[in-house]
Amino acid sequence: MAEVPLDMPRIWVEFADPEDAGQRFRCDLTWLTSNWMCIYGNGCQGIYADRPDDGCCTLGAHFTEDADYERVAAVAAELGPDEWQYRDVAYRKGVLRKDNWTEPEDGATKTKVVDGACIFLNRAGFPSGMGCALHQHAVLQGLPPTSLKPEVCWQLPIRRSYRTVELADQTSYLEVTITEYDRRGWGPGGHDLDWYCSGNPEAHVGREPVYRSNKVELVELMGEDAYEELVVRCEAHLRAVTAARRIGNRKLLPLLVHPATLAAQDVRSAERASAAKVEKLAAAAQSQAKHGKKRPRR
């Protein structure tokens, strides 16, 4: 299925931050009510065609601040060789060395790329399974991955950004945008990715919309009270979608529903219709075979 265009229409909502009078949230309802889900290991094609098992971990992760690095460094020191495939690369003389598992890029620090992907990515065939060693460690410890992984990793593909809005009366407020981390979020190189999940119908197969399935991440990004305000608005938006479907207003759906979610739903509807048709034909054939035979003459 084709990826949806980047210039798709979106519906936005704004509301004041309940915990900060000088801050307002601007949230993308089209994205947050979509059915996107992470399909790593279950259909994810990876951002590069020749490395499908890497998912989006090929390039490594940039740390947003010192606290982000320090949190990951503390977890890295806890990982054993049975959890982290490239642990030996990160150590020198029995000590975890920063320059062994990180590297500079564009004036920032990021996780090192080893053998073509992030040093924390366990490859296919590793005994504990492929995937992020930090993520797996969090699951084993019963902790949310947001508490152990680099911020950019657990946020993706949700994007939080900031800008100061100047008003006519010379007052201002901080606008916090919560939206989709689409290809453009990767910079100019994002257009060169061979595959990307957020705009692909293949990944819009979640049973819950993003604002529910990614509650932990959104609460971390917004705060509990702001998240509850978001839920009210997302549920109102979904009621509008239901109303549009009920009256058969197909023209409204591409505006109200993320196009990738809509495409995925269309595929599932077509599959169900095809299966129902096959079942109906089979039932008709069975009925004809049972009742259509002529009685033998006496």
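Modeller: Contact means heavy atoms within 4.5 Å. This is a predicted model, where local features need pLDDT of at least 70, side-chain atom pairs count only at pLDDT 80 or more, and totals for chains, interfaces and linings use all residues. Residues are numbered from 1 along each chain as its sequence is written, and side-chain values use heavy atoms, with hydrogens and water left out.

Biologist: What does Phe-25 touch, not counting residues up to four places away in sequence?

Modeller: Phe-25 touches Val-13, Glu-14, Phe-15, Asp-17, Val-176, Ile-178, Met-222 and Ala-226.

Biologist: Which residues of the largest nonpolar core touch the most other members?

Modeller: In soluble globular proteins, nonpolar side chains tend to be buried together. A nonpolar core is a set of buried Ala, Val, Leu, Ile, Met, Phe, Trp, Tyr and Cys residues joined through side-chain atoms within 4.5 Å. Buried means under 20% relative accessible area (1.4 Å probe, protein chains only). Here the largest core has 27 residues. Phe-25, Cys-27, Leu-32, Ile-178, Leu-218, Met-222 and Leu-230 touch the most other members.

Biologist: How do H8 and H9 pack?

Modeller: Two packed helices are described by the angle between their axes and the distance between the axes. Helices are DSSP runs (H or I, at least four residues), numbered from the N terminus. Axes are lines fitted to C-alpha atoms over the stretch in contact, and angles run from 0 to 180 degrees between N-to-C directions. H8 and H9 pack at about 120 degrees, with axes 7 Å apart. Lys-215, Leu-218, Val-219 and Met-222 in H8 meet Glu-224, Ala-226, Tyr-227 and Leu-230 in H9.

Biologist: Is Lys-110 buried or exposed?

Modeller: Lys-110 is buried, with a relative accessible area of 1%.

Technical notes. Buried means under 20% relative accessible area, exposed over 50%, partly exposed in between (1.4 Å probe, protein chains only). Helices (H or I, at least four residues) and strands (E, at least two) are DSSP runs, numbered from the N terminus.
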